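Subject: Structure handover

Hello,

Here is the structure you will be taking over. Please open it first, then read the notes below it.

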Amino acid sequence: MNVTESLQWRYATKKFSEKKVTSEDLNKILEAINLSASSTGLQPYRVFVVENATLRKELGEGSFNAQIAASSHLLVFAAFDRITSEHIDTFISYLASERNIPEDALAGFKTALIGGLLSRSDEENAAWAARQAYIALGTALIAAAELRIDSTPMEGFDTAKFDSLLGLTPKGLKSVVILSLGYRDAENDPYASLKKVRLPLAEFVTFIN
């Protein structure tokens, strides 16, 4: 299957079956997320995988998103609530180590990061970090579809509850978007058989020559 066929196949699953995603396939999705495009390479967010069914049920209580509890796995994308000099220092050290170059060789890049990021407010950087997490969400959706694993991206959840139950606040993180993974219950999900409807490319895309 090519990417276009995979995206034609996927939809926001409303009803999940009890079939579980294997550890091998889950790791493929997580690896894809980790390789996702990230501005400056800083990756200002983290991903939490909720496997525990009891915890998923508690996280989903009071939400109209039944997929939180019904999924095989729940991925929580949590963005940094602020960017600090420590984040930049750690990133530069890791980058130098992985590329086997001295940190001094990255001095110009580090200065640019400090000037570009630390000159902004915490609110601006938190919004930027959240946008980076959404880019990763898109990568996760494609990776799951390629594996024929169903998914549902969601925003309608209690972020305060998630942050508390997952212990995100002490880590300087805030949940911004979540993704349920699993396998569709095609017999009980009326959306499973519906035609995917998108705008014609001629209306959606404008070429500027």
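**Salt bridges**

Lys-28 forms a salt bridge with Glu-24, with 3.9 Å between the closest N and O atoms. A salt bridge here is a side-chain nitrogen of Lys or Arg within 4 Å of a carboxyl oxygen of Asp or Glu. This is a predicted model, in which local features need pLDDT of at least 70, side-chain atom pairs count only at pLDDT 80 or more, and totals for chains, interfaces and linings use all residues. Residues are numbered from 1 along each chain as its sequence is written, and side-chain values use heavy atoms, with hydrogens and water left out.

Both Lys-28 and Glu-24 sit in helix α2, four residues apart, or about one turn of the helix. Helices (H or I, at least four residues) and strands (E, at least two) are DSSP runs, numbered from the N terminus. Lys-28 is partly exposed, at 40% relative accessible area. Glu-24 is exposed, at 55%. The cut-offs: buried is under 20% relative accessible area, exposed is over 50%, and partly exposed is in between (1.4 Å probe, protein chains only).

How many salt bridges are there by this rule? The count comes to six. Here are two more.

- Arg-82 and Asp-122 meet through their side chains at 3.5 Å, N to O. Arg-82 is in the loop between β2 and α5 and Asp-122 is in helix α7, so the pair ties together parts 40 residues apart in sequence. Arg-82 is partly exposed at 41%, and Asp-122 is partly exposed at 33%.
- Asp-163 and Lys-174 meet at 3.6 Å, N to O. This pair links distant parts of the chain: Asp-163 is in helix α8 (residues 159–165) and Lys-174 is in strand β4, 11 residues apart. Asp-163 is buried at 7%, whereas Lys-174 is partly exposed at 40%.

Salt bridges with shared partners also join Glu-24, Asp-25 and Lys-28 into one network.

**The sheet**

Four strands make an open sheet, in the order β1-β2-β4-β3, with antiparallel pairing. Two strands pair if DSSP finds at least two bridges between them. β1 and β3 (150–154) are the edge strands, and each pairs on one side only. Six bridges join β1 to β2. Arg-46 stands opposite Ala-78 in β2.

**The core**

The largest nonpolar core has 49 residues. Such a core is a set of buried Ala, Val, Leu, Ile, Met, Phe, Trp, Tyr and Cys residues joined through side-chain atoms within 4.5 Å. Ile-29, Leu-74, Phe-77, Phe-162 and Leu-181 touch the most other members. Elements that each supply at least two residues include α2 (23–34), β2 (73–80) and β4 (173–182). Helix α7 gives the most, with 10 residues.

Take Ile-29 as an example. Leaving aside residues up to four places away in sequence, Ile-29 touches Leu-75, Ala-140, Ala-143, Ala-144, Leu-147, Ile-149 and Leu-181. Contact means heavy atoms within 4.5 Å.

**Ser-72**

Ser-72 lies in the loop between α4 (67–70) and β2. Is Ser-72 buried or exposed? Ser-72 is buried, at 4% relative accessible area. A polar atom of the Ser-72 side chain lies 2.9 Å from the backbone nitrogen of Val-21. Among the residues that Ser-72 touches, beyond four places in sequence, are Lys-19, Glu-51, Arg-56 and Gly-182.

Best wishes

Definitions and conventions. Polar contact = N/O pair within 3.5 Å; in protein donor to acceptor, adjacent residues only side chain to side chain.
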